[in-house]
Amino acid sequence: MSAEAGTERSTWLKGFCDLFPSVAQETTKNTQDLAAVERVVSAARTRGALSQQDLLAIERSTDWTYGPWWPRLSSQLEQPVPIGDGSPSADRQLLRELQVKLKHIEVVSVLLRFTLPERFGIYSPPVAWLLGLMPREDQVRTYLSYRDVVRKVGALHGLDRVADVDMALWTAARPSALSRHRELRSSMEGDAKFQAIVLVNSGEGLSRRGRWTEEHRVGLARGILRHDPVSAGALAAPVFEDTLMRLARLLQIKTPSQRREGFLMELTARIDGDAGFRLVRARCPKLDDLRRLRNLAVHPPGLTSDEAREFISGLEALLCIHPRRPE
């Protein structure tokens, strides 16, 4: 990575990391010295195991605020848990052992963040949302997915410690920080590699919920509209074609061959002229206008922001109608 590229990409992440102390103090009404907490439990790394005393020290520390939303579970950690060598399999084993004992993945993550800050951060639902992450099959898999994405973001920006990246993203997920530091927000939203990570996470989350529906695809197009109207339009274009086919089936309209030149124009005209569709036509944009925007979307240079917004809004309206042939 060139120094110039690294500086450009690290601006927003490092900026939010630097803001963490002030934003955290504003949020908790207390000074937050997380490095001091790390020093208090640093013996765990030398010892090679996590103990009840480590979590108790974190719970009682006056150097930071142990949130009231986290139960105090140090009494459940009766036997030390080996840290492991930091390999993926060792981290999974460590997480599973702690989860069995504590039964609360956020408290597990708090303990790991302070004892092993190079490898772990605190699980935060607002950060998970910022990263486009959805829950996995169980809490351990959910946390590992979260930690791995946080680590990936850090690698893009030259931040090695997962805990530091986690603090930066926690700050970036605070509405107050975003509203006051618009240049950092703009830099984050313009970071193509970061936004690609978020988009992949969102797509994978949707795919685990089953087959993507037309509504899913339009929703995803709406999600990326602000950042990339060309891609949003291209993503939404097949939804228009699929929706026309659905409408044709509902109205029992014979569809022309999809291989025929002018297929969409002919199908649009048949649906638009159908008596059943005329009953609901007022509730959606003109089909021919949507077909024109679809054609622009699939050919360079693609849709402008205004055109993509019009196209997606029209599709959303079209998906809400359910015409049927008049009796």
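A pocket is here an open set of grid points with protein on both sides within 12 Å along at least five of seven lines, and its lining residues are those with an atom within 4 Å of a point. By this definition, the largest pocket of this predicted model has a lining of 26 residues, and those nearest its centre are L130, Q195, V198, G223 and H227. The space in this pocket comes to about 770 Å³.

At least two lining residues come from each of α7 (125-130), α11 (182-189), α12 (192-207) and α13 (214-224), and α12 gives the largest share, with 6 residues. In terms of residue class, the lining comprises 15 nonpolar, 7 polar and 4 charged residues.

Next comes the second largest pocket, with a volume of about 430 Å³. Its lining counts 23 residues, and W64, W69, W70, I122 and W170 sit closest to the centre. Two or more residues of this lining are supplied by each of α1 (3-28), α6 (105-115), α7 and α9 (162-172). The class breakdown for the second largest pocket is 13 nonpolar, 6 polar and 4 charged residues.

Helix α8 is worth a look of its own. Spanning residues 139-157, this 19-residue helix extends 27 Å from first to last C-alpha, close to the expected 27 Å. At its start, the backbone nitrogen of V140 has a side-chain oxygen of D138 within 3.1 Å. At the other end, α8 is followed by G158, which has a positive phi near 75 degrees.

Definitions and conventions: Residues are numbered from 1 along each chain as its sequence is written. This is a predicted model: local features need pLDDT of at least 70, side-chain atom pairs count only at pLDDT 80 or more; totals for chains, interfaces and linings use all residues. Side-chain values use heavy atoms; hydrogens and water are left out. On a 1 Å grid over the protein atoms alone, a cavity is a set of points where a 1.4 Å probe fits but cannot get out, and a pocket is an open set with protein on both sides within 12 Å along at least five of seven lines; lining residues have an atom within 4 Å of a point. Grid points are joined across faces, edges and corners, and a volume is the space filled by probe spheres set on the points. Helices (H or I, at least four residues) and strands (E, at least two) are DSSP runs, numbered from the N terminus. Ala, Val, Leu, Ile, Met, Phe, Trp, Tyr, Cys and Pro count as nonpolar, Asp, Glu, Lys and Arg as charged, and the others, Gly among them, as polar. The expected span of a helix is 1.5 Å times one less than its number of residues. A polar contact is a pair of N or O atoms within 3.5 Å; within protein, one must be able to donate a hydrogen and the other to accept it, and residues adjacent in sequence count only if both atoms are side-chain atoms.
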